[in-house]
Number of protein chains: 2
Amino acid sequence: MPAPQPPATPPHEVRPAEAPQDVPRGPGLPTPTRSPETPEGGAARAKGRPRSAAADRAILDATREALAELGWGGLTMGHVATRAGVAKTTLYRRWPSKNELVVDAVASLFDELVMPDLGSLRADIEAVVTQFADLLARPETQAALLALFAEGTRDRQLRRRIREAIVDPQKRLVRQGRSAAQTRGELAPDCDEATAREEIDIIFDTIAGTVEHRVLISGEPITPEWTRRFTGLLLGPFPSLLGD
Amino acid sequence: MPAPQPPATPPHEVRPAEAPQDVPRGPGLPTPTRSPETPEGGAARAKGRPRSAAADRAILDATREALAELGWGGLTMGHVATRAGVAKTTLYRRWPSKNELVVDAVASLFDELVMPDLGSLRADIEAVVTQFADLLARPETQAALLALFAEGTRDRQLRRRIREAIVDPQKRLVRQGRSAAQTRGELAPDCDEATAREEIDIIFDTIAGTVEHRVLISGEPITPEWTRRFTGLLLGPFPSLLGD
DNA sequence: TCGCTTTCGCTACGAGTCGTAGCGTAACTG
DNA sequence: CAGTTACGCTACGACTCGTAGCGAAAGCGA
């Protein structure tokens, strides 16, 4: 039961002569979804036929379905358009290419990740790992994620989108879990800003990278037993210092 | 200075009516490269014009070059053929598709990974991480690796090839490093076969996954400082038990 | 109600890639 | 020498991409 498209993930907004593209966008921007009505910018929006929000949803749904059934290589723009009951040109009015379309289609899945705060760092990590593993077990995610990352190694614009929509939401969980553990007293408070960021980065790469590698590359399942072991590995130094 | 194609990585061998494909191939097979002259099988091989070994090398070199310059998406069979000075049909006589060709082209790079045995587990891990990071820093590897993994999620035949040529050589290092540490006394000897395999798997996924995620997805470099920290994370439980 | 503007569905198109087939020739064996 | 296989070349059908042009639809303001 995935959430039924709560904010209807807005499209990529390929409008002619809009192009406020390279806005710096503060790195810690907390708004996960941008308003579909473009309240910012102040440009008049009430002219001409409005874009069909139903088409947006139909296209993104069709993209996820096609991803699950046909995989990345089998997904074509023409197929998605047909399945969504929409003209192919309508796709290209919203997304400049397949890559951006798939990022948006998959991004909403990553919005479902939440930080539980179960009362202990160990429990929180295990919960996050389990959530992430479940997400990676879905065929849409499997088909899209590595292919997107691969495309991103050559396209910096796409890499930015991926980071915003997929990577940062994951990293946010690490940050939240860490600060929760600090308020609980399980972890020492930050002494230094730079060190804290490095620590978050290394933990994030370790959790995300290891789980992805296990599921997508080694091709083995994430069992509760494995999660327990892996969490133990991460927590290695701490139990002995703080008494679990 | 990469090694200049030492064993000239043999092609995929798409010969008509050969097909001893699903040989079990013992898991611990130590021979990293198969002989290009197919001495096994005993089938008469000395009939007709032999395949050009020079063409093999030219094709694989051209593939790596094209990968580095154009990326995965920009690499086409026609382009590789032209660059190798070879007809396109010659490519298809040896490799059934782009995927298999790229696996073989990249596999030789992974053969360069070696286990150093520097006298301590910590030093060995740091050396392996550094080697792997250097490999991932090369443009051919970056362009190919994630794309291959992505294709592998849908193609089990390809997944098997990837595992043989890319994943297993890496995992072998973990096994070697672990057993070296055991003979040194840094790690307890295996009490149980299954547990040992699980431990190797989890360490392997953690090292490979984390380094890949850091380099290819987070897009940040692997510095000596980072390597030191990450190794410390892995070794977490041990320094306190064994006195570094 | 009437323009104005923008989106929509449709068809068609050029460019590019894939993987294969057919041909004549080159290389090697017995 | 005949027999066999690899090679280079050309051409092909099928497919995808991303775009252009058209008439119709759906909103808005006067």
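Helices here are DSSP runs of H or I with at least four residues, strands are E runs of at least two, and both are numbered from the N terminus. A residue is near a molecule or strand if its C-beta atom, placed from the backbone, lies within 6 Å of it. This is a predicted model, with local features needing pLDDT of at least 70 and side-chain atom pairs counting only at pLDDT 80 or more, while totals for chains, interfaces and linings use all residues. Residues are numbered from 1 along each chain as its sequence is written, and chains are lettered from A and ligands numbered from 1 in the order in which they are written.

**Stop one: DNA strand C.** Select helix 3 (88-94) of chain A, then helix 2 (77-84) and helix 3 (88-94) of chain B: each supplies at least two residues of the surface near DNA strand C.

**Stop two: DNA strand D.** Which residues come nearest to DNA strand D? Pick out Arg49(A), Thr76(A), Gly48(B), Arg49(B) and Thr90(B), from the 24 around it.

**Stop three: chain A against chain B.** Here 34 residues of chain A are in contact with 34 of chain B (C-beta atoms, placed from the backbone, within 7 Å). Now colour helix 8 of chain A, which brings the largest share of chain A's side, 13 residues.

Note on methods. Contact = placed C-beta atoms within 7 Å.
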